[in-house]
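Good morning, colleagues. Please have the sequence and the structure before you.

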Amino acid sequence: MAHDASFNPFQMARAQFDKSADLIGLDQGTRELLRSPLREFHFSIPVRMDDGTVKVFQGFRVQHNDARGPAKGGIRFHPQETADTVRALAMWMTWKCAVADIPLGGGKGGVICDPHHLSAREQEAICRGWVRQMNKNVGPVEDVPAPDVMTNPQHMLWMLDEFEVIRGGHYPGMITGKPVGMGGSLGRTEATGYGCVYCLREALAELGIDVKATTASVQGFGNVAQYAIELYHRMGGKTKSVSSWNHAEQKSVSYQKASGIDLEQLRGITDRFGGIDPAKARELGYEILPGDAWLDREVDILIPAAIENQITGANAEKISKRVKVVVEGANGPTTPEADAILFKRGIFNIPDFLANAGGVTCSYFEQVQCNTNFFWDRDDVLGKLDAKMKTAYHSVSDLARKKKLYMRDAAYVVAVNRVAAACRDRGWA
Amino acid sequence: MDRARGGQPDDSRRAFAAVPWRELLDVIRQGRGRQFVRVSRKMLNHLCSIGLSEAQVMLAEVDTGPAGAARREGRLDAGRPGSARPSQTKVPGTRLPLEQSPLMTGAPFELAARYLPDEEISERLQRWLKEDEASFFGTVVADPRSTMPEIAEAIRRYNDVLLGRSGLAPSTLKSLRVSLIQRFLTEQLDYINVAKEVARITDFHGLLDRVIMTRGCYGKLGGKAAGLLLAGWILERPEAAEMGVGTVKTPRTWYVVSDVIMDFIRLNDLDDVMDQKFKDITQVRREYPNLVQLFKNSPFPPDLVEGLSRALDYFGDVPLIIRSSSLLEDRFGTAFSGKYKSLFLPNRGSRADRLAALQDAVAEVWASILGPDPIEYRRERGLQEFVEEMGILIQEVVGTRVGRYWLPAFAGVAFSLNEFRWSPRIRREDGLLRLVPGLGTRAVDRVGDDFPVLAVPGQRGLRAHASLQETLRYSPRQADVINLETASFETVPLADLLKEAGADYPLVERVFSVLRGGHLQQVQRLMLDPEHDDLVADLRGLLDGTDFVTRIQALLKTLAMYLQSPVDIEFAHDGKDFYLVQCRPQAMSGDNAPSPIPHDLRPEDVLFTADRFVSNGQVPDITHVVYVVPEAYAELPDRETMASVGRVVGALNGLLRKRSFILVGPGRWGSRGDIKLGVAVTYADINNTAMLVEVARRRGDYVPDLSFGTHFFQDLVEAGIRYLPLYPDDAGIVFREDFLLGAPNRLAELLPDHAPLEHCVRVVDVPAASRGRVLRIYQNAELDHAVAVLEAPGDRRATGAARATAAAADSPLRHARWRRQVAEELARSLDPDTSGVVAVHLRGSVADGRATAESDIDLVVRFGGDDGQRARLEVWLDGWNRALAVLNQQSTGVRVERLLDAVIVAADDHEVAGGPRLPLKDEL
């Protein structure tokens, strides 16, 4: 890939880290330790293709930091992965696990390939080949991979199988993202969405707002959004509008009901991707509005739970004066310019890597259940999730309040601090 | 007719029981004099050929030609008949009265009895008798004046002759087969060449039981019938089984002969409606619904009603599909697909109701000849003046009852050649499968908001969709079915269908997978809970878990091998058996036709070329190119700016006219995460483009992978948006980036807010930058070459219409068309005032459109002038005749002595049958 410094995710991640390190006042040694991955693996995976030829794929794994526990992070299949992207992602995983206060480090890895051009057998061969190369350095107590871009539960199971053959034994905790019944955890479907709302609940309590008196507007109607709304409604909240992507017309559309949307009703007319049927919605009495109308609704809470870069410098001012909290269900929905505006306007922002940490926390729970070979029921999982998210939230918001920090910065500080402390405790730095 | 030779193979000898030949001969002599003469002559010929000198002598007595006379006059050596040189015999030989001819007396047989054993004589006699009967049969079949019922009767009568070959020579049988094929199916040589090797005469016997004809009809069964029958015969060959095709059935079918429609029209005095094809298209469109009603309300010929009634008895109450089988459809080289109607008939209710519905459907399918689409289609190809005859296929709908619906487990289409490759690993020859649950109508057509499942027979392992999301997005959600309760054709959501039918859905474990915990799993029929299970129609159970794909590939290869052409087939599976529903040469027209690549282009007119991963087609009349400059894009300062390029493209997509522009950009269009690799767009941002081009520039040793549109591949396919990868750094490839960079950039004008991105996104107005020209992209997958050329807008090189005319030029109809044109020219050059000609009528094979390269042009000229004019007319016509014969020979290689057969009759003579009147000079 190009050597230019114009856009480099790793540089960006480092810049974010540096900012937090400054705020904390980290010493040079620790900075240096944390700015770069602890170790990286680059290897070749030879695969005999279906037509008999042999093709060699490049695989890799970056373990950024495992002071707090085994590294955790996904494996992606991508035709043009770059080392710097992976390093950045591995670093973000370290901070994410740290902010959620789960005893795991950060890692990321993958294989340079495009599953669109590979048969199932070839993909299986690549998965097993990856494990063959990495098996000495991954495992339940070393490094725990998970699914990511273009990998799925089947890939995870092939990798698990290969690992178990090599190590001899059952080690379901060596990888997460497995299907329920094959070592996966219940509650995974709800986890991210619920996680957002656990944070929200805490935030509202702190702000002295009764959740039952609030209304929300949600962008997106996929997995995260639906479950966030589900829990929010159970707590007594009301969602006034929801936006969803209409594949047929290739644009997003907002659906509004002043008296509050009926989640089950909308679910009934939604396809598997969160696409709501506009004609049926109209029949059920929903007002059809343009896609970006969700942003300027007269509500108390905004939940962007779709894609990145939705709240920008250009539209942040359109947010209603009534909005008090923005909960980032998606990754990166708010641009840095918008951050500044939100901060200026005093709108409380629960940053993505705290708000959607429900997912990685549930992943951790999958590991724990696997390692003990005992699987909890759904309510147990969600109960534990609630507790974890609550404490995670409060660590961040306490700091933000005490030190008058923007929540996103506070979250980074909490995370980096925890990792730095672990390194120090171990005598590394 | 074959002459019997000595040394026949033993097995044929055994076919004949020992019959006393004298008795047999007596019978024949009494009843069938001509036949007696013929077999006598055969015996005589045989005796001569084995060298019997007495036979030679006898032959001389029989021989009535010049050589015979010479022999009789002693001018020839008696042992060498026919050795006289023709020039020596200028007088015709005297003819011996028949009664005296040895052939009438049975003398050859008496002679034979002295030299040959009785068994041999008996065997030969029987064989000749059978051949004689067969030849009579062949004559009936080959005579164009025989009606269908006459031929049917001939086939039935001689069934015992033909069954088991009965010792007929192979060439005899072949010529009988050819006659039958020509008579029933088509005269197209390509088809006959294949069919004659695979069809058996007994096939026709069975077929006839299911053909509905009227008394005087002599049409054919039509193109669709021909295609399906041929495929069926090919599949019955042992070679097909060897190639691993497995059991393939064809649906039970009845046929209505193609000219029954003419009976119907004549019966109801509807002749005028055939003039629809000459009317303006808007008028046609307006009048069409009325004509449909007219057809439906007009009574059918009684023979037809009776035939339809028998058909209903045969089928019972199974749902039926009524399809057109026109003489112009589906034959080699013509693709009329989808232009005429097909109708589903639920076939429920009382017998009277069902018959009425069937008649209604037949009338409607017939009326579809007069619809605007077919008329326009034929006009474009210069085929409109032909009398359009249309056969009808009445076919059972492959399927089974599922609750209140009738549907097949799955259905689809398969192609020998794949024009929609999502991966460089797929070659064209790997083929393509489109599969859907329910009726195949959803796989044949592109349905707006739903997708068929795609698979590649030659690459079983590759899937179009890598992630769960993609699989879910692009799997079918609805199915076409027949609702037996409401007796209607419906589209139902699969989710609803499954809730009702559940595990009763045929082959449910092959058609669906169950989505559980973010993971697609195999369906276990027993464990299925249709109320709660989330079922996805991904057909993985079929594709991965059975040998279906291998068998389809074998099927495609077998058919293609016999037909010497790539094929396009439709099929369906009812849960028990696999059925082939239609087979035709893969339509090389419209979108999928290979475009001829223009040569001798000036370098300054070529914008780019490609020679890898090229699919067939042509992208015409592009007025704008949106070019995302790869170097500039790679140097954008941050992610936000890169993302905004995607938004700019989306905005342009909304502003520019649909299909009038192409998108050219770096790497992988549709990248979301790693947007350095390609512009971050979703399908919505590009859905109006005519073509998506990805440019891969070499970096050192390394050429980046292109996406091949995988991010929205099926959306592109269904919308007909083309894809082309460019590798500008390859040897011999042209990429005129200088043109794209040098042309004025209209971005700032169209999207002023995004002007700062001008250096990165260029909107090139092609006519403005090239002095009024447009861009056309010609792609030919056979040559694996594509070229984008700047051309003048009117100058359509070998485009759709021209290609079609060229294709039509190769069709057999060209002979008829040329002759018609000639006749019209001839008539038009006759001035009634000076020539004495009152009218010119066209008749015969040119009028019906059945002329071949050897046909003449039959004209009736009504003349009312004086002798001088008459003499001049005759000379003039003779001149035309000579000239036309030369022209015909030059263009077809066939020499016809008289190409023009003009009969001059008196002006008031209306008894001579004349066909359509041709306009004379200055007439309209």
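**Two sheets and a leucine in chain B**

I begin with a strand pair: E19(B) and strand E25 of chain B, residues 774–780, are joined over four bridges in the antiparallel sense. Within this pair, Ile622(B) has Leu775(B) of E25(B) as its bridge partner. Please keep in mind that the model is predicted.

The pair belongs to an open sheet of four strands, ordered E18-E26-E25-E19 in chain B, and the pairing is antiparallel. At the edges stand strand E18 (606–610) and strand E19 (617–622) of chain B; each has a single partner strand, so one side of each is left without a neighbour in the sheet. From one strand to the next, the twist averages 10 degrees.

I turn now to another sheet. Three strands of chain B make up an open, antiparallel sheet in the order E14-E13-E15. Its edge strands are E14 (519–522) and E15 (534–536) of chain B, each of which pairs on one side only. Neighbouring strands here are turned against each other by 45 degrees on average, direction ignored. Strand E13 of chain B, residues 513–516, pairs with E14(B) over four antiparallel bridges, and Val514(B) stands opposite Gln521(B) in E14(B).

Finally, a single residue. Leu740(B) lies in helix H30 of chain B, which spans residues 737–742. Is Leu740(B) buried or exposed? With a relative accessible area of 2%, Leu740(B) is buried. Beyond its neighbours within four places in sequence, Leu740(B) is in contact with residues including Leu607(B), Val625(B), Tyr627(B) and Phe735(B).

Conventions:
Residues numbered from 1 in each chain as written. Chains lettered and ligands numbered in written order. Predicted model: local features only at pLDDT ≥ 70, side-chain atom pairs only at ≥ 80, totals over all residues. Heavy atoms only, no water. Buried < 20%, exposed > 50% of the residue type's maximum accessible area, 1.4 Å probe, protein only. Contact = heavy atoms within 4.5 Å. Pairing = 2+ DSSP bridges. Axes fitted to C-alpha atoms, helices over the stretch in contact; angles between N-to-C directions.
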